[in-house]
Amino acid sequence: MLIVMKPSAAPKEVEAVVNLIQQIGLRPHAMPGATRTAIGITGNQGPVESRRFENLPGVAEVIRVTKPYKLITLDLRPEKTVVRVGNATIGGSELAIIAGPCAIESREQAFAVAEAVQESGARFFRGGVWKPRTSPYAFQGLGKEGWSIMTAIRDAFGLRIVTEALEEPHIDLIEQYGDVIQIGARNMQNFSLLRRAGRSRLPVLLKRGMAATLEEWLLAAEYIMAEGNYNVILCERGVRTFTQHTRNTLDLASVPAIRRISHLPVIVDPSHGTGSAYMVTPLARAGVAVGADGLMVEVHNRPELALSDGAQALTPPEYAQLVREVCAIREATAPMVEQNRTETKVA
Ligand code: PEP
Ligand code: MN
């Protein structure tokens, strides 16, 4: 159930509704918006008796939620969520670019790539410290040593750092000195990890599972939000299909499809979405044109020597060119994307 407060509702009236929800043993999620506050309710197994809220001061409407989602929806928050990370944003007017190597391999490699990322004007540096590899014999990431390289990059370049947590203790570490927790495709339905990320104060970048429907992906975001963390960024990274010309099939239609349902920002990862460096820039352009709030791109100073995902890594000059192109596309398409978003909103 969703309680929409009147635009004129006083903070005290919002508080009274929140308190009542708590008193009946449920969890309130108050979302202040541009014109009104809405309060989502979770924790109920069956329907909640709506009558008890209808006549409370400041309440405009009590809406029974028939969709599987409660907190990711535009019903709860009609405006887009803008995730703030320091002085950078994801979901706002700037195109968020998260770039860096697949894995942190050495200080020299990571610093060389970070320099290119900073020069491009991007605000976020990505790098896997713990790597979820298909083979147990493949490079698994540098672990804590990699984490100290990441934190050194944060200090040296002022970039916001994004790294994947494979297990709950990784989140403890990222929380001490990190900026964004990435949950990878392989863990999109690791529910205890999602819940733990939901209890974090850091934003969570949630990648789409490799065989996940839109509904499953959005419900994974609900797991995080239901714990009280509303700063979730969705990342389309392609799904497994029958194609052989790409590593995954990058489902760009998910971007407008999500826009119709959810207020959450969505970014596109053309690196894992294609698996080949020569396809990364064309699909990055397309991702921005379709309305993504940002991109995640893998970059390596020596792709031929990379310990993971070398085939899809751009070199620093290729990456710099990509950024120039996507920024131009963003500028040209942003008004159309915005118009499309407001026109196609489901009533
Ligand atoms: C990654 O970002 O390096 C990664 C492992 O991605 P995914 O979870 O999308 O496979
Ligand atoms: Mn990778």
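A residue counts as near a molecule if one of its heavy atoms lies within 4 Å of it. The structure is a predicted model, in which local features need pLDDT of at least 70 and side-chain atom pairs count only at pLDDT 80 or more. Residues are numbered from 1 along each chain as its sequence is written, and ligands are numbered from 1 in the order in which they are written.

**View 1. The residues around ligand 1.** The shell consists of C102, R126, K131, E164, Q182, G184, A185, R186, K207, R237, H272 and E298. Sorted by class, these are 7 charged residues (Asp, Glu, Lys and Arg), 3 polar and 2 nonpolar ones (Ala and Cys being among the types counted as nonpolar, and Gly among the polar).

**View 2. Polar contacts of ligand 1.** In a polar contact, a pair of N or O atoms lies within 3.5 Å. Oxygen atoms of ligand 1 are found 2.7 Å from a polar side-chain atom of R126, 2.7 Å from a polar backbone atom of A185, and 3.3 Å from an N or O atom in the side chain of H272.

**View 3. The manganese ion (ligand 2).** Its protein donors (N, O and S atoms within 2.8 Å of the metal, or 3.2 Å for Na, K and Ca) are C102 (SG), H272 (NE2), E298 (OE) and D309 (OD), at 2.1 to 2.4 Å. Along the sequence, the donor residues follow the spacing C-x169-H-x25-E-x10-D.

**View 4. The backbone at D309.** Most residues other than glycine have a negative phi. D309, although not a glycine, has a positive phi of about 55 degrees.

Conventions:
Heavy atoms only, no water. Polar contact = N/O pair within 3.5 Å; in protein donor to acceptor, adjacent residues only side chain to side chain.
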